[in-house]
Amino acid sequence: MERRKYVPMPKVKEESLLSEIANIMISTGSYIVQVETQTGEPIGWIDVLDLLRSYVDIPQREGLKARDICRPIEASDHLDVETAGEELSQWLIRDGRVLPYFISPDKSTSGLLLASEIMAELLGLKEQETQKRQAAERAYQELGEQVPLGIALVDSEGHLFYANALAQRVINGAGMVPQDLRELASSGRSKIVKLDNRHYRIGTRKMKMEPTRAPEDYSFLVIFTDVTTEYNLVEQLRSAREEAELALAVMLPDQRITLRLQSIVEYTDTYDPQTGKIKITGVISQGVYRHVINILRLIADTFRQGLMELPGMEKNTLVTAAIFHDLAKVQPELKIGDLVVPQETFEQGYLHAFRGAALAEGIYRLSPEIVEIIKYHHHNEEDLPSTFPNHLLPMYRFFRLIDGLSAAITRRNATVKITVNGSRLSVIENNPVPCYNRSFVFDLYSGKTY
(Lines give C-alpha, C1' and ligand atoms only; values in the text may rest on other atoms or scores of the structure.)
Protein backbone atom coordinates (compact mmCIF):
# COMPACT_ATOMS: atom_id res chain seq x y z
CA MET A 1 0.00 0.00 0.00
CA GLU A 2 1.37 3.41 -0.96
CA ARG A 3 2.24 5.59 1.96
CA ARG A 4 1.08 9.21 1.92
CA LYS A 5 3.37 12.08 2.89
CA TYR A 6 0.55 14.30 4.16
CA VAL A 7 -2.79 14.34 5.93
CA PRO A 8 -5.74 16.54 4.89
CA MET A 9 -5.72 20.01 6.44
CA PRO A 10 -8.79 21.15 8.43
CA LYS A 11 -10.58 24.06 6.80
CA VAL A 12 -12.37 27.07 8.29
CA LYS A 13 -14.41 29.76 6.64
CA GLU A 14 -13.06 33.27 6.52
CA GLU A 15 -15.93 34.43 8.76
CA SER A 16 -15.01 31.92 11.51
CA LEU A 17 -14.31 33.39 14.94
CA LEU A 18 -11.11 32.63 16.85
CA SER A 19 -12.98 30.42 19.30
CA GLU A 20 -14.30 28.33 16.41
CA ILE A 21 -10.82 28.02 14.98
CA ALA A 22 -9.47 26.89 18.36
CA ASN A 23 -12.23 24.28 18.72
CA ILE A 24 -11.47 22.87 15.26
CA MET A 25 -7.75 22.62 16.05
CA ILE A 26 -8.54 20.86 19.34
CA SER A 27 -11.06 18.46 17.84
CA THR A 28 -8.86 17.53 14.85
CA GLY A 29 -5.53 17.60 16.67
CA SER A 30 -4.15 19.82 13.92
CA TYR A 31 -1.94 22.82 14.55
CA ILE A 32 -2.76 24.35 11.17
CA VAL A 33 -6.03 25.19 9.46
CA GLN A 34 -6.70 26.46 5.98
CA VAL A 35 -8.89 29.55 5.55
CA GLU A 36 -11.25 29.60 2.60
CA THR A 37 -14.04 31.74 1.23
CA GLN A 38 -17.70 30.86 1.47
CA THR A 39 -17.36 29.29 -1.97
CA GLY A 40 -14.40 27.11 -0.85
CA GLU A 41 -11.52 29.02 -2.44
CA PRO A 42 -8.34 28.95 -0.26
CA ILE A 43 -7.15 32.42 0.77
CA GLY A 44 -4.67 31.67 3.56
CA TRP A 45 -3.72 29.58 6.55
CA ILE A 46 -3.45 29.91 10.34
CA ASP A 47 -1.19 27.95 12.66
CA VAL A 48 -1.51 27.57 16.39
CA LEU A 49 1.11 30.21 17.07
CA ASP A 50 -0.86 32.75 15.05
CA LEU A 51 -3.92 31.92 17.15
CA LEU A 52 -2.04 32.26 20.47
CA ARG A 53 -0.41 35.47 19.33
CA SER A 54 -3.79 37.02 18.58
CA TYR A 55 -5.01 36.12 22.09
CA VAL A 56 -1.94 37.73 23.68
CA ASP A 57 -1.30 40.74 21.45
CA ILE A 58 -4.82 41.87 20.47
CA PRO A 59 -6.96 43.06 23.42
CA GLN A 60 -10.13 43.42 21.34
CA ARG A 61 -10.08 39.91 19.93
CA GLU A 62 -13.76 39.01 20.42
CA GLY A 63 -14.69 40.24 16.94
CA LEU A 64 -11.66 38.87 15.15
CA LYS A 65 -12.31 36.42 12.38
CA ALA A 66 -10.17 33.99 10.43
CA ARG A 67 -9.56 36.41 7.55
CA ASP A 68 -8.13 38.98 10.03
CA ILE A 69 -5.20 36.82 11.23
CA CYS A 70 -4.63 34.35 8.44
CA ARG A 71 -1.43 34.30 6.44
CA PRO A 72 -1.91 34.75 2.72
CA ILE A 73 -0.88 31.89 0.46
CA GLU A 74 2.33 32.82 -1.35
CA ALA A 75 3.60 31.39 -4.61
CA SER A 76 6.41 29.73 -2.66
CA ASP A 77 3.81 27.78 -0.67
CA HIS A 78 2.81 25.85 -3.78
CA LEU A 79 4.34 22.39 -3.97
CA ASP A 80 3.29 19.40 -6.00
CA VAL A 81 1.72 16.67 -3.91
CA GLU A 82 3.91 14.00 -5.51
CA THR A 83 7.18 15.87 -5.01
CA ALA A 84 9.99 13.48 -4.12
CA GLY A 85 11.48 13.52 -0.67
CA GLU A 86 14.82 15.01 -1.69
CA GLU A 87 13.20 17.94 -3.52
CA LEU A 88 10.74 18.36 -0.66
CA SER A 89 13.55 18.62 1.86
CA GLN A 90 15.19 21.31 -0.24
CA TRP A 91 11.86 23.17 -0.31
CA LEU A 92 11.62 23.04 3.45
CA ILE A 93 15.21 24.25 3.91
CA ARG A 94 14.94 27.00 1.29
CA ASP A 95 11.72 28.49 2.65
CA GLY A 96 12.59 27.98 6.30
CA ARG A 97 9.47 25.95 7.06
CA VAL A 98 9.04 25.32 10.72
CA LEU A 99 5.51 23.96 10.29
CA PRO A 100 5.31 21.76 7.20
CA TYR A 101 2.52 22.92 4.91
CA PHE A 102 1.79 22.64 1.26
CA ILE A 103 -0.85 23.43 -1.27
CA SER A 104 -0.93 22.22 -4.85
CA PRO A 105 -0.54 24.82 -7.62
CA ASP A 106 -4.14 24.23 -8.78
CA LYS A 107 -5.33 24.76 -5.17
CA SER A 108 -7.27 21.52 -5.34
CA THR A 109 -5.39 19.82 -2.53
CA SER A 110 -3.88 21.02 0.70
CA GLY A 111 -2.53 19.14 3.65
CA LEU A 112 -0.05 18.80 6.45
CA LEU A 113 3.28 17.17 5.62
CA LEU A 114 4.13 14.20 7.80
CA ALA A 115 7.71 14.48 9.04
CA SER A 116 7.85 10.76 9.75
CA GLU A 117 6.91 9.89 6.19
CA ILE A 118 9.32 12.43 4.75
CA MET A 119 12.12 11.01 6.88
CA ALA A 120 11.18 7.49 5.86
CA GLU A 121 11.31 8.46 2.19
CA LEU A 122 14.62 10.26 2.58
CA LEU A 123 16.08 7.31 4.44
CA GLY A 124 14.79 5.02 1.73
CA LEU A 125 16.41 7.18 -0.93
CA LYS A 126 19.63 7.19 1.04
CA GLU A 127 19.48 3.42 1.37
CA GLN A 128 18.91 3.09 -2.38
CA GLU A 129 21.86 5.39 -3.09
CA THR A 130 24.00 3.40 -0.66
CA GLN A 131 23.05 0.17 -2.38
CA LYS A 132 23.74 1.65 -5.80
CA ARG A 133 27.10 2.98 -4.64
CA GLN A 134 28.04 -0.33 -3.07
CA ALA A 135 27.01 -2.17 -6.24
CA ALA A 136 29.05 0.28 -8.34
CA GLU A 137 32.04 -0.15 -6.02
CA ARG A 138 31.77 -3.92 -6.28
CA ALA A 139 31.53 -3.70 -10.06
CA TYR A 140 34.48 -1.30 -10.17
CA GLN A 141 36.48 -3.59 -7.91
CA GLU A 142 35.64 -6.58 -10.09
CA LEU A 143 36.50 -4.65 -13.24
CA GLY A 144 39.76 -3.47 -11.70
CA GLU A 145 40.75 -7.07 -11.02
CA GLN A 146 39.68 -8.39 -14.43
CA VAL A 147 41.37 -5.87 -16.72
CA PRO A 148 44.93 -6.85 -17.72
CA LEU A 149 46.27 -3.64 -16.21
CA GLY A 150 47.46 -2.48 -12.84
CA ILE A 151 45.43 0.51 -11.68
CA ALA A 152 46.14 2.71 -8.69
CA LEU A 153 44.98 6.08 -7.42
CA VAL A 154 47.43 8.22 -5.48
CA ASP A 155 47.35 11.74 -4.07
CA SER A 156 49.99 14.40 -4.67
CA GLU A 157 52.04 12.96 -1.80
CA GLY A 158 52.10 9.51 -3.37
CA HIS A 159 49.75 7.87 -0.85
CA LEU A 160 47.46 5.20 -2.24
CA PHE A 161 43.69 5.68 -2.41
CA TYR A 162 43.16 2.45 -4.30
CA ALA A 163 45.20 -0.24 -6.02
CA ASN A 164 44.04 -3.43 -7.71
CA ALA A 165 45.94 -6.67 -7.18
CA LEU A 166 48.35 -6.26 -10.11
CA ALA A 167 49.22 -2.68 -9.18
CA GLN A 168 49.73 -3.64 -5.55
CA ARG A 169 51.97 -6.56 -6.56
CA VAL A 170 54.17 -4.37 -8.77
CA ILE A 171 54.37 -1.61 -6.15
CA ASN A 172 55.34 -4.08 -3.42
CA GLY A 173 57.64 -6.17 -5.61
CA ALA A 174 59.50 -3.12 -6.95
CA GLY A 175 59.76 -1.68 -3.44
CA MET A 176 58.06 1.55 -4.48
CA VAL A 177 57.36 4.00 -1.65
CA PRO A 178 55.10 7.09 -1.69
CA GLN A 179 58.08 9.26 -2.66
CA ASP A 180 58.64 7.14 -5.80
CA LEU A 181 54.98 7.45 -6.81
CA ARG A 182 55.01 11.18 -6.07
CA GLU A 183 58.10 11.81 -8.20
CA LEU A 184 56.69 9.68 -11.01
CA ALA A 185 53.35 11.51 -10.94
CA SER A 186 54.88 14.98 -10.76
CA SER A 187 57.32 14.30 -13.62
CA GLY A 188 54.64 13.07 -16.01
CA ARG A 189 57.11 10.52 -17.40
CA SER A 190 56.87 6.75 -17.50
CA LYS A 191 59.33 4.10 -16.36
CA ILE A 192 59.79 0.37 -16.81
CA VAL A 193 60.36 -1.99 -13.90
CA LYS A 194 61.16 -5.68 -13.98
CA LEU A 195 59.40 -8.12 -11.65
CA ASP A 196 59.40 -11.93 -11.83
CA ASN A 197 60.82 -11.88 -15.39
CA ARG A 198 58.03 -9.55 -16.50
CA HIS A 199 58.43 -5.92 -17.55
CA TYR A 200 55.86 -3.30 -16.58
CA ARG A 201 55.57 0.23 -17.90
CA ILE A 202 54.33 2.63 -15.22
CA GLY A 203 52.61 5.80 -16.43
CA THR A 204 50.57 8.46 -14.68
CA ARG A 205 47.75 10.82 -15.51
CA LYS A 206 46.41 13.71 -13.45
CA MET A 207 42.80 13.21 -12.41
CA LYS A 208 40.16 15.84 -11.71
CA MET A 209 40.76 17.59 -8.41
CA GLU A 210 38.45 16.44 -5.63
CA PRO A 211 36.15 19.30 -4.52
CA THR A 212 36.79 18.55 -0.84
CA ARG A 213 40.56 18.79 -1.17
CA ALA A 214 42.86 21.76 -1.26
CA PRO A 215 43.54 23.32 -4.70
CA GLU A 216 47.15 22.14 -4.65
CA ASP A 217 46.23 18.56 -3.77
CA TYR A 218 45.56 16.41 -6.83
CA SER A 219 44.81 12.77 -7.44
CA PHE A 220 46.74 10.76 -10.02
CA LEU A 221 45.83 7.64 -11.92
CA VAL A 222 48.80 5.28 -12.13
CA ILE A 223 48.63 2.57 -14.81
CA PHE A 224 50.87 -0.52 -14.79
CA THR A 225 51.04 -2.14 -18.25
CA ASP A 226 52.69 -5.49 -18.93
CA VAL A 227 55.04 -4.77 -21.85
CA THR A 228 57.10 -7.95 -21.59
CA THR A 229 56.39 -9.05 -25.17
CA GLU A 230 57.20 -5.63 -26.62
CA TYR A 231 60.28 -5.26 -24.42
CA ASN A 232 61.64 -8.66 -25.46
CA LEU A 233 60.98 -7.85 -29.11
CA VAL A 234 62.90 -4.57 -28.83
CA GLU A 235 65.76 -6.39 -27.13
CA GLN A 236 65.79 -9.01 -29.89
CA LEU A 237 65.84 -6.31 -32.55
CA ARG A 238 68.62 -4.48 -30.72
CA SER A 239 70.60 -7.70 -30.44
CA ALA A 240 70.04 -8.47 -34.10
CA ARG A 241 71.14 -4.96 -35.03
CA GLU A 242 74.28 -5.24 -32.94
CA GLU A 243 75.06 -8.61 -34.53
CA ALA A 244 74.54 -7.14 -37.99
CA GLU A 245 76.78 -4.19 -37.17
CA LEU A 246 79.42 -6.54 -35.82
CA ALA A 247 79.24 -8.61 -39.00
CA LEU A 248 79.59 -5.48 -41.11
CA ALA A 249 82.44 -4.19 -38.95
CA VAL A 250 84.35 -7.40 -39.59
CA MET A 251 84.61 -6.22 -43.17
CA LEU A 252 86.90 -3.38 -42.06
CA PRO A 253 90.39 -4.42 -43.26
CA ASP A 254 92.55 -2.85 -40.56
CA GLN A 255 92.14 -2.22 -36.82
CA ARG A 256 93.78 1.16 -37.28
CA ILE A 257 91.03 2.10 -39.74
CA THR A 258 88.38 1.08 -37.22
CA LEU A 259 89.98 3.16 -34.46
CA ARG A 260 90.34 6.15 -36.79
CA LEU A 261 86.69 6.03 -37.85
CA GLN A 262 85.57 5.63 -34.23
CA SER A 263 87.57 8.69 -33.18
CA ILE A 264 85.66 11.08 -35.46
CA VAL A 265 82.47 12.54 -34.01
CA GLU A 266 79.37 13.78 -35.78
CA TYR A 267 76.96 16.44 -34.57
CA THR A 268 73.21 16.90 -34.49
CA ASP A 269 71.93 20.43 -34.89
CA THR A 270 69.01 22.73 -35.64
CA TYR A 271 69.20 25.36 -38.36
CA ASP A 272 67.91 28.93 -38.08
CA PRO A 273 67.24 30.24 -41.61
CA GLN A 274 67.04 33.85 -40.36
CA THR A 275 70.57 33.92 -38.97
CA GLY A 276 72.08 31.21 -41.15
CA LYS A 277 73.47 29.60 -38.01
CA ILE A 278 73.10 26.14 -36.56
CA LYS A 279 72.77 25.23 -32.88
CA ILE A 280 74.59 22.09 -31.78
CA THR A 281 72.07 19.82 -30.05
CA GLY A 282 74.10 16.64 -29.67
CA VAL A 283 77.51 15.04 -30.05
CA ILE A 284 77.50 11.58 -31.65
CA SER A 285 80.36 9.53 -30.30
CA GLN A 286 81.97 7.34 -33.00
CA GLY A 287 79.81 9.28 -35.46
CA VAL A 288 81.76 8.54 -38.65
CA TYR A 289 82.10 4.86 -37.70
CA ARG A 290 78.32 4.62 -37.33
CA HIS A 291 77.94 6.51 -40.61
CA VAL A 292 80.07 3.89 -42.38
CA ILE A 293 78.12 1.02 -40.78
CA ASN A 294 74.86 2.58 -41.99
CA ILE A 295 76.23 2.84 -45.53
CA LEU A 296 77.25 -0.81 -45.43
CA ARG A 297 73.74 -1.70 -44.23
CA LEU A 298 72.18 0.17 -47.18
CA ILE A 299 74.53 -1.61 -49.59
CA ALA A 300 73.57 -4.96 -48.06
CA ASP A 301 69.87 -4.14 -48.36
CA THR A 302 70.10 -3.22 -52.04
CA PHE A 303 72.38 -6.22 -52.66
CA ARG A 304 69.60 -8.52 -51.38
CA GLN A 305 67.28 -6.87 -53.89
CA GLY A 306 69.61 -7.63 -56.79
CA LEU A 307 71.18 -4.22 -57.40
CA MET A 308 74.67 -5.67 -57.78
CA GLU A 309 73.43 -7.67 -60.77
CA LEU A 310 73.09 -4.37 -62.61
CA PRO A 311 75.97 -3.79 -65.08
CA GLY A 312 78.31 -1.13 -63.75
CA MET A 313 77.69 -1.95 -60.05
CA GLU A 314 80.49 -3.69 -58.12
CA LYS A 315 79.85 -4.62 -54.51
CA ASN A 316 83.50 -4.77 -53.44
CA THR A 317 84.22 -1.38 -54.95
CA LEU A 318 81.29 0.22 -53.10
CA VAL A 319 82.06 -1.48 -49.78
CA THR A 320 85.72 -0.43 -49.90
CA ALA A 321 84.81 3.13 -50.90
CA ALA A 322 82.38 3.26 -47.95
CA ILE A 323 85.10 2.21 -45.50
CA PHE A 324 87.71 4.70 -46.71
CA HIS A 325 85.67 7.69 -47.95
CA ASP A 326 85.67 9.64 -44.64
CA LEU A 327 88.93 8.31 -43.23
CA ALA A 328 90.60 11.73 -43.57
CA LYS A 329 87.64 13.75 -42.29
CA VAL A 330 88.45 16.42 -39.70
CA GLN A 331 85.76 17.81 -37.40
CA PRO A 332 85.82 20.97 -35.25
CA GLU A 333 85.54 20.58 -31.49
CA LEU A 334 82.05 21.75 -30.56
CA LYS A 335 79.77 21.30 -27.57
CA ILE A 336 76.03 21.25 -27.09
CA GLY A 337 74.57 24.73 -27.25
CA ASP A 338 77.22 26.22 -29.54
CA LEU A 339 75.92 28.54 -32.28
CA VAL A 340 78.03 28.47 -35.43
CA VAL A 341 77.92 29.36 -39.11
CA PRO A 342 78.36 25.94 -40.79
CA GLN A 343 80.24 27.30 -43.84
CA GLU A 344 82.81 28.95 -41.56
CA THR A 345 83.09 26.19 -38.96
CA PHE A 346 83.03 22.94 -40.90
CA GLU A 347 85.61 22.05 -43.52
CA GLN A 348 84.29 21.79 -47.06
CA GLY A 349 83.62 18.17 -47.97
CA TYR A 350 85.80 17.98 -51.05
CA LEU A 351 88.92 18.63 -48.90
CA HIS A 352 88.64 15.48 -46.80
CA ALA A 353 87.52 13.61 -49.93
CA PHE A 354 90.77 14.54 -51.68
CA ARG A 355 92.82 13.62 -48.60
CA GLY A 356 90.97 10.31 -48.27
CA ALA A 357 91.59 9.50 -51.92
CA ALA A 358 95.30 10.22 -51.43
CA LEU A 359 95.46 7.84 -48.46
CA ALA A 360 93.52 5.19 -50.37
CA GLU A 361 95.90 5.41 -53.31
CA GLY A 362 99.24 6.07 -51.66
CA ILE A 363 99.06 3.98 -48.48
CA TYR A 364 96.46 1.28 -49.10
CA ARG A 365 97.06 0.88 -52.84
CA LEU A 366 93.37 0.75 -53.66
CA SER A 367 92.15 0.45 -57.24
CA PRO A 368 91.76 3.58 -59.40
CA GLU A 369 87.95 3.09 -59.50
CA ILE A 370 87.71 3.21 -55.69
CA VAL A 371 90.03 6.21 -55.51
CA GLU A 372 87.93 8.13 -58.06
CA ILE A 373 84.69 7.51 -56.17
CA ILE A 374 86.27 8.59 -52.86
CA LYS A 375 87.90 11.66 -54.41
CA TYR A 376 84.72 13.01 -55.98
CA HIS A 377 81.98 11.82 -53.61
CA HIS A 378 81.38 15.44 -52.52
CA HIS A 379 81.26 16.80 -56.07
CA ASN A 380 78.03 17.43 -57.91
CA GLU A 381 77.87 15.52 -61.15
CA GLU A 382 78.08 18.65 -63.27
CA ASP A 383 81.34 19.58 -61.47
CA LEU A 384 83.13 16.31 -62.28
CA PRO A 385 86.29 16.67 -64.35
CA SER A 386 86.20 15.50 -67.94
CA THR A 387 88.65 12.75 -67.02
CA PHE A 388 86.14 11.06 -64.72
CA PRO A 389 85.39 7.58 -66.18
CA ASN A 390 81.86 7.33 -67.56
CA HIS A 391 81.57 3.68 -66.59
CA LEU A 392 81.85 4.71 -62.91
CA LEU A 393 78.88 7.08 -63.04
CA PRO A 394 76.24 4.54 -61.85
CA MET A 395 78.36 3.59 -58.84
CA TYR A 396 79.28 7.25 -58.21
CA ARG A 397 75.59 8.24 -58.24
CA PHE A 398 74.62 5.35 -56.00
CA PHE A 399 77.41 6.09 -53.54
CA ARG A 400 76.50 9.78 -53.25
CA LEU A 401 72.87 8.75 -52.68
CA ILE A 402 73.56 6.29 -49.86
CA ASP A 403 76.17 8.63 -48.35
CA GLY A 404 73.45 11.28 -47.92
CA LEU A 405 70.86 8.78 -46.70
CA SER A 406 73.28 7.36 -44.15
CA ALA A 407 73.99 10.89 -42.88
CA ALA A 408 70.25 11.32 -42.32
CA ILE A 409 70.09 8.01 -40.44
CA THR A 410 73.14 8.81 -38.33
CA ARG A 411 72.55 12.49 -37.59
CA ARG A 412 68.74 12.80 -37.72
CA ASN A 413 67.63 9.29 -36.71
CA ALA A 414 65.81 8.99 -40.02
CA THR A 415 64.29 5.78 -41.36
CA VAL A 416 65.08 4.97 -44.98
CA LYS A 417 63.56 2.47 -47.40
CA ILE A 418 65.10 1.79 -50.81
CA THR A 419 63.27 -0.34 -53.38
CA VAL A 420 65.29 -1.56 -56.38
CA ASN A 421 63.68 -1.78 -59.81
CA GLY A 422 66.40 -2.28 -62.40
CA SER A 423 68.43 0.92 -62.61
CA ARG A 424 65.74 2.87 -60.77
CA LEU A 425 65.69 3.24 -57.00
CA SER A 426 62.55 4.30 -55.14
CA VAL A 427 63.56 6.12 -51.96
CA ILE A 428 61.38 7.00 -48.96
CA GLU A 429 63.02 8.97 -46.15
CA ASN A 430 61.13 9.76 -42.94
CA ASN A 431 62.59 12.04 -40.28
CA PRO A 432 61.54 13.07 -36.76
CA VAL A 433 61.48 16.62 -38.20
CA PRO A 434 58.88 16.35 -41.03
CA CYS A 435 60.38 19.13 -43.17
CA TYR A 436 63.24 16.76 -44.04
CA ASN A 437 60.96 14.00 -45.30
CA ARG A 438 61.24 13.13 -48.97
CA SER A 439 60.16 10.52 -51.48
CA PHE A 440 61.55 10.16 -54.99
CA VAL A 441 62.75 7.81 -57.75
CA PHE A 442 66.35 8.02 -58.92
CA ASP A 443 67.74 6.43 -62.09
CA LEU A 444 71.37 5.36 -61.72
CA TYR A 445 71.97 5.25 -65.46
CA SER A 446 70.47 8.58 -66.50
CA GLY A 447 71.05 10.44 -63.21
CA LYS A 448 67.49 11.79 -63.37
CA THR A 449 65.23 12.17 -60.37
CA TYR A 450 61.47 11.62 -60.62
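At what angle do α10 and α11 pack, and how far apart are their axes? That was what I looked up to begin with, keeping in mind that this is a predicted model.

**Entry: α10 against α11**

I got an angle of about 165° for α10 and α11, with the axes 9 Å apart. Angles over 145 degrees count as roughly antiparallel, and α10 and α11 are therefore roughly antiparallel to each other. I also noted that α10 passes α11 in a right-handed crossing. On the α10 side, the contact is made by Val 292, Ile 295, Leu 296, Ile 299 and Phe 303. On the α11 side I listed Lys 315, Leu 318, Val 319, Ala 322 and Ile 323. Sorted by class, the contact of α10 with α11 comes out as nine nonpolar, no polar and one charged residues. For my own reminder: an α-helix has 3.6 residues a turn, so residues three or four places apart point the same way.

**Entry: how enclosed is α11?**

I then asked which residues of α11 are buried. They are Thr 317, Leu 318, Val 319, Thr 320, Ala 321, Ala 322, Ile 323 and Phe 324. That is eight of the ten residues of the helix, which spans residues 315–324, so α11 is largely enclosed by the rest of the structure. What do the buried residues of α11 pack against? I found α9 (255–262), α10 (287–304), α14 (368–375) and α15 (393–412).

**Entry: α10 against α15**

Next I checked α10 with α15. They pack at an angle of about 125°, and their axes are 9 Å apart. α10 and α15 are therefore oblique to each other. Here too I noted the crossing: α10 passes α15 in a right-handed one. From α10, the contact takes in Gly 287, Arg 290, His 291, Asn 294, Ile 295, Leu 298, Ile 299 and Thr 302. From α15 come Phe 398, Ile 402, Asp 403, Leu 405, Ser 406, Ala 407, Ile 409 and Thr 410. By class, I have eight nonpolar, six polar and two charged residues in the contact of α10 with α15.

I looked at Gln 286, which lies in the loop between β14 (277–284) and α10. Its phi is positive, about 55°, although Gln 286 is not a glycine. I flagged that, as most residues other than glycine have a negative phi. Is Gln 286 buried or partly exposed? With a relative accessible area of 30%, Gln 286 is partly exposed.

**Entry: the five-strand sheet**

I moved on to an open sheet of five strands, with the order β9-β8-β12-β11-β10 and antiparallel pairing. β9 (160–163) and β10 stand at the edges with a single partner strand each, so one side of each has no neighbour in the sheet. From one strand to the next, the twist averages 25°. Helix α7 (residues 178–187) packs on this sheet, touching β8 (149–155), β9, β10, β11 and β12. Its direction makes about 60° with that of β11.

For the pairings, I counted seven bridges joining β11 to β12 (residues 219–226), which run antiparallel. Lys 206 stands opposite Phe 220 in β12. β10 (residues 191–195) and β11 (residues 198–206) pair in the antiparallel sense over five bridges, and Lys 194 stands opposite His 199 in β11.

What happens in the hairpin of β10 and β11? Two residues sit between the strands, and Asp 196 takes a positive phi near 50°. At 58% relative accessibility, Asp 196 counts as exposed.

**Entry: the four-strand sheet**

I also looked up an open sheet of four strands, with the order β2-β3-β4-β5 and mixed pairing. β2 (11–13) and β5 (71–72) are the edge strands, each pairing on one side only. β3 (residues 32–36) and β4 (residues 42–47) run antiparallel and are joined by five bridges. I marked Glu 36, which stands opposite Pro 42 in β4. Helix α1 (residues 18–28) lies across β2, β3 and β4, running at about 135° to β3. Helix α2 (residues 48–57) packs on the sheet too, touching β4 and β5, and its direction makes about 75° with that of β4.

**Entry: whole chain**

Last, I noted the totals. The protein has 15 helices and 18 strands. Of its 450 residues, 40% count as buried. Among contacts between residues at least 6 apart in sequence, 55% join residues at least 24 apart.

Notes:
Residues are numbered from 1 along each chain as its sequence is written. This is a predicted model: local features need pLDDT of at least 70, side-chain atom pairs count only at pLDDT 80 or more; totals for chains, interfaces and linings use all residues. Side-chain values use heavy atoms; hydrogens and water are left out. Buried means under 20% relative accessible area, exposed over 50%, partly exposed in between (1.4 Å probe, protein chains only). Contact means heavy atoms within 4.5 Å. Axes are lines fitted to C-alpha atoms, for helices over the stretch in contact, and angles run from 0 to 180 degrees between N-to-C directions. Angles under 35 degrees count as roughly parallel, over 145 as roughly antiparallel, 65 to 115 as roughly perpendicular and the rest as oblique. A crossing is left-handed if the near helix is turned anticlockwise from the far one by less than a right angle, and right-handed if clockwise. Ala, Val, Leu, Ile, Met, Phe, Trp, Tyr, Cys and Pro count as nonpolar, Asp, Glu, Lys and Arg as charged, and the others, Gly among them, as polar. Two strands pair if DSSP finds at least two bridges between them.
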